[in-house]
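Dear colleague,

Please find below the structure that I am handing over to you. My notes on what was found in it follow.

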Amino acid sequence: MKKWLKFAPPPAPIETAVKVEITAWELEEPFESSFHDLDLGPDGLVYAVNINKHRLTTLDPKTGEQITHPFLRGSYGLHHGAGQ
């Protein structure tokens, strides 16, 4: 540990950064899924892939409504070149 670089914390946020409001949502059932590829769509919905349940979940941040969209059976892994 003596050889470790000394940690220099970043400066405190200023201006608009201190006015930011962060909201977090639980997607689907807490602790039962693993999500990746979150993206904000042009329609304002948040899209997230649930890799444990093989489906896409959409979240409307204005209402909190969540809708799940199952992937078609046999479609898993197609984006990695399977089935080509």
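How many salt bridges does the structure hold? It holds 1 salt bridge, the term being used for a side-chain nitrogen of Lys or Arg within 4 Å of a carboxyl oxygen of Asp or Glu. Before the details, two remarks on the basis of these notes are in order. This is a predicted model, in which local features need pLDDT of at least 70 and side-chain atom pairs count only at pLDDT 80 or more, while totals for chains, interfaces and linings use all residues. Residues are numbered from 1 along each chain as its sequence is written, and side-chain values use heavy atoms, with hydrogens and water left out.

The salt bridge

The partners are Arg55 and Glu28, whose side chains meet at 2.6 Å, N to O. This pair links distant parts of the chain, 27 residues apart: Arg55 lies in strand E3, and Glu28 lies in the segment before E1. In general, side chains of opposite charge can pair when their charged atoms come close.

For exposure, buried means under 20% relative accessible area, exposed means over 50%, and partly exposed lies in between (1.4 Å probe, protein chains only). Glu28 has a relative accessibility of 16% and therefore counts as buried. Arg55, with a relative accessible area of 23%, is partly exposed. Glu28 also has a phi near 55°, a positive value in a residue other than glycine. For comparison, most residues other than glycine have a negative phi.

Overall architecture

Helices (H or I, at least four residues) and strands (E, at least two) are DSSP runs, numbered from the N terminus. Of the 84 residues in the protein, 13% are buried. The protein exposes about 7600 Å², and carbon and sulfur atoms supply 59% of that area; accessible areas come from the Shrake-Rupley method with a 1.4 Å probe, and for residues only the protein chains shown count as cover. Among the contacts with a separation of 6 or more, 14% are between residues 24 or more positions apart; a contact means heavy atoms within 4.5 Å.

The sheet

The 4 strands form an open sheet in the order E1-E2-E3-E4, with antiparallel pairing; two strands pair if DSSP finds at least two bridges between them. Strand E1 (35–40) and strand E4 (66–70) stand at the edges with a single partner strand each, so one side of each is left without a neighbour in the sheet. From one strand to the next, the twist averages 20°; the axes are lines fitted to C-alpha atoms, and angles run from 0 to 180 degrees between N-to-C directions.

E2 and E3 run antiparallel and are joined by 5 bridges. Ala48 has Thr57 as its bridge partner in E3. These two strands form a hairpin with 4 residues between them, and His54 in the turn has a positive phi of about 55°. His54, which is not a glycine, is placed in the loop between strand E2 (46–50) and E3. With a relative accessible area of 33%, His54 is partly exposed.

Strand E3 (residues 55–59) is also joined to E4 by 5 bridges, again antiparallel. Thr57 is bridged to Thr68 in E4, Thr58 to Ile67, and Arg55, the residue of the salt bridge, to Pro70. E3 and E4 form a hairpin with 6 residues between them, in which Gly64 in the turn has a positive phi of about 85°.

Two further residues

Which side chain of opposite charge is nearest to Asp60? It is Lys62, 6.3 Å away, and Asp60 is buried yet has no salt bridge; Lys and Arg count as positive and Asp and Glu as negative, while His and the chain ends are not counted. Asp60 is placed in the loop between E3 and E4. Leaving aside neighbours within four places in sequence, Asp60 is in contact with Leu45 and Glu65.

Leu40, in strand E1, is exposed, with a relative accessible area of 58%. Beyond its neighbours within four places in sequence, Leu40 is in contact with Leu45 and Val46. Leu40 and Leu59 are 19 residues apart in sequence, and their C-alpha atoms are 9.5 Å apart in space.

With kind regards
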